[in-house]
Amino acid sequence: YVGNPRTIIPSGARARWPSYAGVLDYELEVALILGSDLEVDADETTCAKAVQDHGGFVLINDFSARDVQADEMTSVGFGFVKCKA
């Protein structure tokens with residue numbers, strides 16, 4: 001999944017309901033911020049190493065326009081590409 005960096009808003013800011021969405025849901029997610037570069041080779045990088053090199057954690061509210069997702073999945077096969085806000 002590749003998101004739009006312009007959709008990230010700071011804590012305390014109001015999240016606007018997208019004008020094109022009729023059904024919006026949200027999920028609380030936890031993200032790990034890496035404190036150092038991991039090896040480029042995926043075979044050498046482990047979850048334990050990522051946790052050991054962590055720089056911090058953040059909580060993220062992930063909003064999704066489910067009606068847009070359902071329409072795009074059936075009409076053009078985009079999946080959730082454009083419904084994530």
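Mentor: A residue is called buried when its relative accessible area is under 20%, exposed when over 50%, and partly exposed in between, with a 1.4 Å probe and protein chains only. By that rule, 18% of the 85 residues of the protein chain count as buried. This is a predicted model, in which local features need pLDDT of at least 70 and side-chain atom pairs count only at pLDDT 80 or more, while totals for chains, interfaces and linings use all residues. Residues are numbered from 1 along each chain as its sequence is written, and side-chain values use heavy atoms, with hydrogens and water left out.

Trainee: Which elements make up the secondary structure of the protein chain, and in what order do they run?

Mentor: There are two helices and two strands, in the order β-α-β-α from the N terminus. Helices (H or I, at least four residues) and strands (E, at least two) are DSSP runs, numbered from the N terminus.

Trainee: What makes the rings of Tyr26 and Phe63 a tilted pair?

Mentor: Rings of Phe, Tyr and Trp (its six-membered ring) pair if their centres lie within 6.5 Å; planes under 30 degrees apart count as stacked, over 60 as edge-to-face and the rest as tilted. The centres of Tyr26 and Phe63 are 6.0 Å apart and their planes stand at 45 degrees, so the pair is tilted. A search of the whole structure finds one aromatic pair.

Trainee: Why is this pair said to tie together parts of the chain?

Mentor: Tyr26 lies in strand β1 (residues 24–34) and Phe63 in strand β2 (residues 54–65), so the pair joins parts that are 37 residues apart in sequence.

Trainee: Is Tyr26 called buried or exposed, and what is Phe63 called?

Mentor: Tyr26 has a relative accessible area of 59%, and is therefore exposed. Phe63, at 25% relative accessibility, counts as partly exposed.
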